[in-house]
Amino acid sequence: MTRKKAVVTALCTALLLTAVCFVMLHRPHGDTVVIKQDGKVLYTLDLSKEKDREIVVEYEGRRNVIAIEDGDIYMKQADCPDHVCIHTGKLSGGAPIICLPNRLVIEYADGRNDAAG
Amino acid sequence: MKLCKLIPVIAAAATLCGCGGQHMEQYQMFAMDTYVTLSGYCDRKTLEDAGEEVRRLEGLWSVNIESSDIARLNRDGSAELSAETAGLMSFTLSMSERTGGALDPTIYPVLREWGFTTDEHHVPDDDTIAELLENVGWEKVTLDGRSASLPVGTAVDAGAVAKGYAADIIAERLKSGGVTAGIVDLGGNVLTFGQKPDGSDWKVSVRDPFGDGAAGTLSVGECSVVTSGSYERYFEQDGVRYHHIIDPATGRPADTGLESVTVIAGESKLCDALSTALFVMGEDRAFDLWRESDDFEMIMITSDKRLLISEGIADRFEPDSKKKDYSAEVIRR
């Protein structure tokens, strides 16, 4: 390998790595949402690409209906007594949507903040 | 140029764009009637072990686990408590005294009557509430070292402090196990410790009780942030909304014109206890207590959409610029 070729290779590698890292760090995060039940990921959704629809999830005979509407996601119906998950409203920068009785969690794959207190 | 000469170039490029940063591991579980997220710059096993500790504490404190210290005390009227439970009870009672009874572990039978511990919600009639209130009062609890006793008819629940108390124990455990930084989040009972590798502050959102998302974001160092709000756990009957924060003085949901109280302090147990108590006390009494204290700061969101921020935290709280209907006010000492 000539000296010139080596330098070009080095520069290209560095440039490529920088580009990859830049994309990884600066991709518009917060649009990818995961729906998990009892720790298992059921769905990974990119809300910016999802069409309006409803997802039904069952747990021990009880149902949750999750709605995706205009790029937002929320709990539309739940066969649980407290309805905390419905009261949480649309998923946003704050806390995840949680249905404790049905062990269901909807949260951003890459949260905007470290936590919601 | 040899390959070894390329390595520094590649490494420099990687470091420059931040790929050399440490990864924060996460472990999530359902425990203590909430969704627990443990995060730290450590391996997953360390977090799983800490999760086991959360589970163990739940087994000591849950009113719904028959073998727990608290359930035994309620059933038998007296019990020898584990060191952790005795510590929790002792701290809870000291906070009851400090808040003039706004926090009271003996409110449990009233809370149960409303159905908030069983999810069988209903509005109790006046006579039932009056009868139950006769057995309410934190002074009725006798705690001598690890021996606790209750008069007949009185029962306790440490639910308003347990998550905070647990968060402190878990963070201490992680730190002594060599974890340099992380977050213990017990369903919004948040505790941060150490510093992120990039030196930046921890960002903790404060929920907007009126809508989606956050009312604002706190940028903090090592501390705890806990919110008590009326906006999530509630039920409606005949068009009236009843939330789960019961005023020990009336036996009914605290009606103080507040939607949420967020407390920021060094210890999570203090945040947890105070967030409930200050909600019950209302704006004026809460700020009176804040003025005579130096160990916590707070953010209150009122029903008429005022954001009241104690001055010690004002420069670390940024209200969400999109939420224009709030009026923010910094409260001075």
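A salt bridge here is a side-chain nitrogen of Lys or Arg within 4 Å of a carboxyl oxygen of Asp or Glu. With that in hand, meet a linked group: B:Glu53, B:Arg56, B:Glu84 and B:Arg173 are joined in a network of salt bridges.

A word on the ground rules. This is a predicted model, in which local features need pLDDT of at least 70 and side-chain atom pairs count only at pLDDT 80 or more, while totals for chains, interfaces and linings use all residues. Residues are numbered from 1 along each chain as its sequence is written, chains are lettered from A and ligands numbered from 1 in the order in which they are written, and side-chain values use heavy atoms, with hydrogens and water left out.

Searching the whole structure gives 31 salt bridges over all chains. Three of them, from chain B, are set out here.

| Pair | N to O distance |
|---|---|
| B:Arg233 and B:Asp33 | 3.3 Å |
| B:Glu53 and B:Arg173 | 3.7 Å |
| B:Glu297 and B:Arg333 | 3.6 Å |

Helices (H or I, at least four residues) and strands (E, at least two) are DSSP runs, numbered from the N terminus. B:Glu53 sits in helix α2 (residues 44-61) and B:Arg173 in helix α7 (residues 162-176) of chain B, so their bridge ties together parts 120 residues apart in sequence. For accessibility, buried means under 20% relative accessible area, exposed over 50%, and partly exposed in between (1.4 Å probe, protein chains only). B:Glu53 is buried at 12%, whereas B:Arg173 is partly exposed at 36%.
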